[in-house]
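Hi everyone, thanks for coming along. Let me put the structure up, and then I'll walk you through a few places in it.

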Amino acid sequence: DQLQNIRTVIVNTADFPGANIPEGMLSLQELMEQSSPENPGIDIHPLDYARMIYTSGTTGRPKGVISRHALPREGSPFPWAYSENDILYTCLPLFHANALMVCSGGALLANASVALARRFSASRFWDDTRKYNATVTFFLGAMPAILMKQPEKPNDADNPIQWAVSAAVPKDIWVEFEKRFGLRLQEFYGAVDGGGFLFNPESKPGSMGKVPELYEARIVDEDGNDCPPMVPGELWLRSTDPARRIILTPEYYKDPEEAKLRITEDGWVKSGDFAYRDEEGWYYFVDRKKDAIRKSGENISSWDVERVIEAHPEVLEAAAFGVPSEMGEDEVKVNVVLQPGAKLTAEELIAWCEPRMAYFMVPRYVEFVDSLPKTETHRVEKYKLKQLGVTPNTWDRVKAGYQLRKF
C-alpha cells in the first residue's frame, strides 16, 4: 500500500496450477499468451528510468544501479555474437546483469533462445544442458571450481555447450576444464556500474582479457598515477566516446553521493578491483579492493590464497579474508568447506599451503564450516565473515604452536 505508482501486479502461477488470481491482478501465463500489433501508447522519454539492477552486495549492502532509455542501441553491447541458432542456458537469477543483460538481452538482439533453470546445481548442470540442447552457458563465482570438484564421468565432454561466458576462472583449472567438458571459455569482465568492459577473445588462461573497441582502461596507484606493466593497482575504465561516457556514468538509486565517489573529473569510473596488465595489454584480476589483506606491509590477494587452498583435493571451496591483528594491520583467516565425507585437519591444510604460497600469505586462522554465505550470483559475502571474525571454532596457528617452514 506504500507503492503508490504501481498500476499492475502480475502473478506467476506456474507452480500453483488452478490458483485463484486476486482481483485486479494478471496471470503471467495468460499475459504471455496475448499478442497485439498495436502500439501500446506508452510515452517514454530518453531520460526515463529503463530498469534498475542491483549490485551483487559482496562487500556490503547492494546498490540499485539505474539505466535510462538513452543508452545507445546500436547493436549488442558485448564483443561476442550469438546467432539465431544458439540456445543460451543460464541458472543465474534474472535480477542480476549476467542473466538479464548478457544472456537474455543478448538473446533478444540475436533472436536466439534461452533456457532458464531455477538455481545452480553442480550435479544436474550438464544434464540440463543436454536436456535443452544448449550451445552457450554462463559461469560466475565459484561455479567452475565446484563443477571441477564433481566426480568425473565418461560423458563429461558429451554435452552440447560450445562455449561459456565466464568470470574469474582460476588459471590452474582453465585448460583442464575446457578439455574435460569439451568447450571453450570466453572470459569477460564487467559490472553494471563499471563504465566499461574487458574481454578475452583468445581464451588466454587466467586473463580477464583486453580492452575492446569503444573503451579504454588504466591501472593506477593510490595517487591516481599509472602503474607500469605487471604492477597491481586499481582498474579504471571509461568509454572513448564522451557522449556515451555520460550515459555510462554510474547512477545509484537514492544515493547520488556514492556515485560521485566512483567518478573522476575526466570521466574515469573506478572499478574497486585490483588488477595488473602485462606488456601485451592483457589484464589480470588480483582482488576486490575491499577484500585485499594488508599484513606486515604486504598486500595479500585473498583470491590467490583461495586458489591454493581450493586446489587441495579434500576442499570444496574456501574464503580468505583479513581479521584484526594484535600488531595492527591484518591476519589472514580462511573459512573452508570440505568435500562431502572428507577429513582434513587445520595442520594438514597449512602444510599444503606452505610450499605453494609466500610465507606471509599462509593463514594464521582456519575454520571449517558447512557453507559460505553467498549472494544469489554465487559470490561470497565476505563482509559477513569479517563481522564474525575469529570465533570459538577457529583454529589459531600461533596458539597451536605450529611453526611455519620457509621454502
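Asparagine 111 counts as exposed, at 56% relative accessibility; on this scale exposed means over 50% relative accessible area, buried under 20% and partly exposed in between, with a 1.4 Å probe and protein chains only. You'll find asparagine 111 in the loop between helix 2 (97–110) and strand 6 (113–116). Helices here are DSSP runs of H or I with at least four residues, strands are runs of E with at least two, and both are numbered from the N terminus. The C-alpha atoms of asparagine 111 and tyrosine 82 are separated by 8.6 Å, and these residues are 29 apart along the chain.

A word on the source: this is a predicted model, where local features need pLDDT of at least 70 and side-chain atom pairs count only at pLDDT 80 or more, while totals for chains, interfaces and linings use all residues. Residues are numbered from 1 along each chain as its sequence is written, and side-chain values use heavy atoms, with hydrogens and water left out.

Now to histidine 312, in the loop between helix 8 and strand 17 (315–324). Is histidine 312 buried or exposed? It is buried, with a relative accessible area of 9%. The histidine 312 side chain also reaches the backbone nitrogen of glutamate 314 at 3.0 Å. That is a polar contact, a pair of N or O atoms within 3.5 Å; within protein, one must be able to donate a hydrogen and the other to accept it, and residues adjacent in sequence count only if both atoms are side-chain atoms.

Let's move on to strand 9, residues 184–190. Of its 7 residues, 5 are buried, so strand 9 is largely enclosed by the rest of the structure. Strand 9 pairs with strand 8 (residues 163–166) in the parallel sense over 4 bridges; two strands pair if DSSP finds at least two bridges between them. Valine 165 has glutamine 186 in strand 9 as its bridge partner. From strand 8 the chain crosses through helix 5 to strand 9, and this β-α-β crossover is right-handed, which means that, with the strands pointing away from the viewer, the path from the first strand over the helix to the second runs clockwise.

With strand 10 (residues 197–199), strand 9 pairs in the antiparallel sense over 3 bridges. Glycine 190 stands opposite phenylalanine 197. These two strands form a hairpin with 6 residues between them, and glycine 195 in the turn has a positive phi of about 80°.

There is also an open sheet of 4 strands, in the order 17-18-19-20, with mixed pairing. Why is one side of strand 17 and of strand 20 (395–396) left without a neighbour in the sheet? Both stand at the edges, each with a single partner strand, so there is no neighbour on one side. Strand 17 runs antiparallel to strand 18 (residues 330–338), and 9 bridges join them. Within that pair, alanine 318 stands opposite valine 336.

Last stop, the second largest pocket. Its lining includes residues from several elements, among them helix 5 (171–181) and helix 8 (302–310). Strand 14 gives the most to that lining, with 4 residues. A pocket here is an open set of points on a 1 Å grid over the protein atoms alone, with protein on both sides within 12 Å along at least five of seven lines, and lining residues have an atom within 4 Å of a point.
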